[in-house]
Amino acid sequence: MSSLRDQLQGLVYSTEHGAMCPDCGKPQDSCICDELADQQRIDSLDGIVRIRRETSGRKGKGVTTVSGVPLAADELKTLAKKLKKVCGTGGALKDGVIEIQGDHRDKLKAVLEKEGFKVKLAGG
């Protein structure tokens, strides 16, 4: 059984500050956990943007995934919106990977190289 001190370490609400982040212990308004996770994701990249076509787990429907983009979350969201607009299709941003519906590898490669990224076509 854990001690009382260990039980009180996980503060999740304070009457002074309101909701607290359980990871960093700061108020939700000034929590830096997302920024730290985003920075770790960027640091782990090798600088090469990989574009691949995936169909697994999608009932045969193909999507083009763009991974390894060394941008912060807000900039990555803006880039995803731009890429979806260029392709004229929908898509999503999940865990730092941009998913674009359909097979648009060549269009995406041209746009990303124009933006200044080093791009590789990966997979089949």
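1. His104 counts as buried, at 14% relative accessibility (buried means under 20% relative accessible area, exposed over 50%, partly exposed in between, with a 1.4 Å probe and protein chains only). The residue lies in the loop between strand S6 (97–101) and helix H4 (105–115); helices (H or I, at least four residues) and strands (E, at least two) are DSSP runs, numbered from the N terminus. Leaving aside residues up to four places away in sequence, His104 touches Thr64, Cys87 and Thr89, where contact means heavy atoms within 4.5 Å.

2. The model is predicted: local features need pLDDT of at least 70, side-chain atom pairs count only at pLDDT 80 or more, and totals for chains, interfaces and linings use all residues. Residues are numbered from 1 along each chain as its sequence is written, and side-chain values use heavy atoms, with hydrogens and water left out.

3. Helix H3 (residues 73–87) has 15 residues and reaches 21 Å from its first C-alpha to its last. Its buried residues are Leu76, Leu79, Ala80, Leu83 and Cys87. Seen down the axis of H3, these fall within an arc of 105 degrees, so they line one face of the helix; the arc is that of the directions from the helix axis to the C-beta atoms.

4. The face of H3 turned away from the buried side carries the exposed residues Asp74, Lys77, Thr78, Lys81 and Lys85. Cover for the buried residues of H3 includes helix H2 (33–43), strand S5 (91–94), S6 and H4. Just after H3, Gly88 takes a positive phi of about 70 degrees.

5. A search of the whole structure finds zero disulfides (pairs of cysteine sulfur atoms within 2.5 Å). For Cys21, the nearest cysteine sulfur is that of Cys31, 3.4 Å away. Cys21 counts as buried at 5% relative accessibility, whereas Cys31 counts as partly exposed at 21%.

Notes. Expected span 1.5 Å × (residues − 1).
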